[in-house]
Amino acid sequence: MRRGSVGRVPHQLVVIAVTAALLAGCARDGGGETDGTGQRPPTTAASSAASTPAATPTGTSTTAPLERTEAPAFDSAAAMGTVRSLARGGPREATSAAYRRAADRVQQRLADLGYTTRRQAFRVPAGESWGVAVGSGRTSNVVAVPAGFAPERPHLVVGAHLDTVPQSPGAEDNGSGVAVLLELARTAAEVGTRLPVVWVAFGAEEPRGPADDEHHFGSQEYVARLDGTQQAALRGMVSLDRVGGRGRVPVCTGGLSPVRVRRELLAAADRAGVPARACDNRTSDHWPFEKAGGTVARVGGNDSPGYHSPRDRPSTVSPRQLDRVGAVLAEWLMATS
Ligand SMILES: [Zn+2]
């Protein structure tokens with residue numbers, strides 16, 4: 001990960017930052033950096049009283065340069081812990097109790113990180129999901145925003161579907177994406193991002209029928225609730241879906257939207273030293289955003305031996321690949337250009 005540039009941060013702010021960091025004894029955390037808005041970013045746990053709960057992420061980021069000293073490292077061991085924990089809970093078909101339990105835990109984790117969280121509940125129809133009959137019922141998205149978030153101001157959405165097909169514990173599909181999302185949300189809460197980020201764990205991404213609108217129900221719901229101003233404020237959306245499969249990191253669009261986000265992500269991969277490849281794909285939560293005119297990308301989708309089967313276990317997820325995807329996204333979220 002690229003580090004250390006202070007960009008156009010005024011010199012006196014750097015001096016204040018360094019002094020504050022030294023005084024706090026937490027130079028590793030860059031505890032005194034500014035977020036480019038003249039406000040201090042959330043205080044890290046390490047630089048405040050020992051038992052202080054997680055910082056409150058700020059939604060007031062701007063496109064002004066961020067000081068990038070010693071960002072907290074993406075922790076692939078923590079991400080693998082999330083993958084294992086989700087897989088241990090068994091299949092998470094969107095209307096199941098296991099899904100609700102997983103959604104509760106993801107929401108709690110995001111709240112613990114200081115985000116304001118809510119659920120978007122919606123109904124899904126009965127149908128067939130990868131050869132298994134599924135009933136109609138209720139499910140939900142988990143949505144987390146930084147404190148002070150204003151949906152009519154420029155922002156990004158990073159999402160990952162939390163549900164699984166009925167026969168799979170969903171380690172790679174898509175515990176991997178959720179795990180990377182939670183780690184990114186943690187690091188973003190500590191160092192900020194160039195634009196405020198809405199983190200979404202989507203429900204009911206997996207198909208309930210063959211038609212184009214018979215899957216991705218959670219992202220369809222999210223998009224349907226945006227008014228015109230909010231849609232215009234959404235500067236980019238990334239779906240993290242099956243991100244633990246070995247190989248070059250796939251960065252796809254569905255072919256409708258401008259490729260700006262895909263291009264930015266590929267450039268971020270280049271800067272982070274991560275091999276990546278452009279691709280076309282419509283089978284994830286970026287697609288409803290793209291159909292609505294959004295500029296999007298889907299990251300992930302390399303072949304996995306356990307795909308949509310009971311063999312989709314944590315052993316099929318590469319911690320190194322989670323690290324690489326985390327580095328690409330972190331670079332993209334922090335980039336000042
Ligand atoms: Zn998936």
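A disulfide is a pair of cysteine sulfur atoms within 2.5 Å. In this predicted model, a search of the whole structure turns up 1 disulfide. The partners are C252 and C279, whose sulfur atoms lie 2.0 Å apart. With a torsion of -80° about the S-S bond, the link between C252 and C279 is left-handed. This pair ties together distant parts of the chain, as C252 belongs to strand 8 (residues 249–253) and C279 to strand 9 (residues 276–280), 27 residues apart.

Are the two cysteines buried or exposed? C252 has a relative accessible area of 3%, and since buried means under 20%, C252 is therefore buried. C279, with a relative accessible area of 13%, also falls under the 20% cut-off and so counts as buried.

Attention now turns to a pair of helices. Two packed helices are described by the angle between their axes and the distance between the axes. The axes of helix 3 (residues 97–112) and helix 4 (residues 171–191) come within 10 Å and cross at roughly 15°. Because angles under 35 degrees count as roughly parallel, helix 3 is roughly parallel to helix 4. The crossing of helix 3 past helix 4 is right-handed.

Which residues make the contact? Helix 3 contributes V106, R109 and L110, while V178, L182, A185 and R186 take part from helix 4. By residue class, the contact of helix 3 with helix 4 comprises 5 nonpolar and 2 charged residues, with no polar ones.

Terms used: Residues numbered from 1 in each chain as written. Predicted model: local features only at pLDDT ≥ 70, side-chain atom pairs only at ≥ 80, totals over all residues. Heavy atoms only, no water. Axes fitted to C-alpha atoms, helices over the stretch in contact; angles between N-to-C directions. Helix = DSSP H or I, 4+ residues; strand = E, 2+ residues; numbered from the N terminus. Parallel < 35°, antiparallel > 145°, perpendicular 65-115°, else oblique. Left-handed = near helix turned anticlockwise from the far one by under 90°. Contact = heavy atoms within 4.5 Å. Nonpolar A, V, L, I, M, F, W, Y, C, P; charged D, E, K, R; others polar. Buried < 20%, exposed > 50% of the residue type's maximum accessible area, 1.4 Å probe, protein only.
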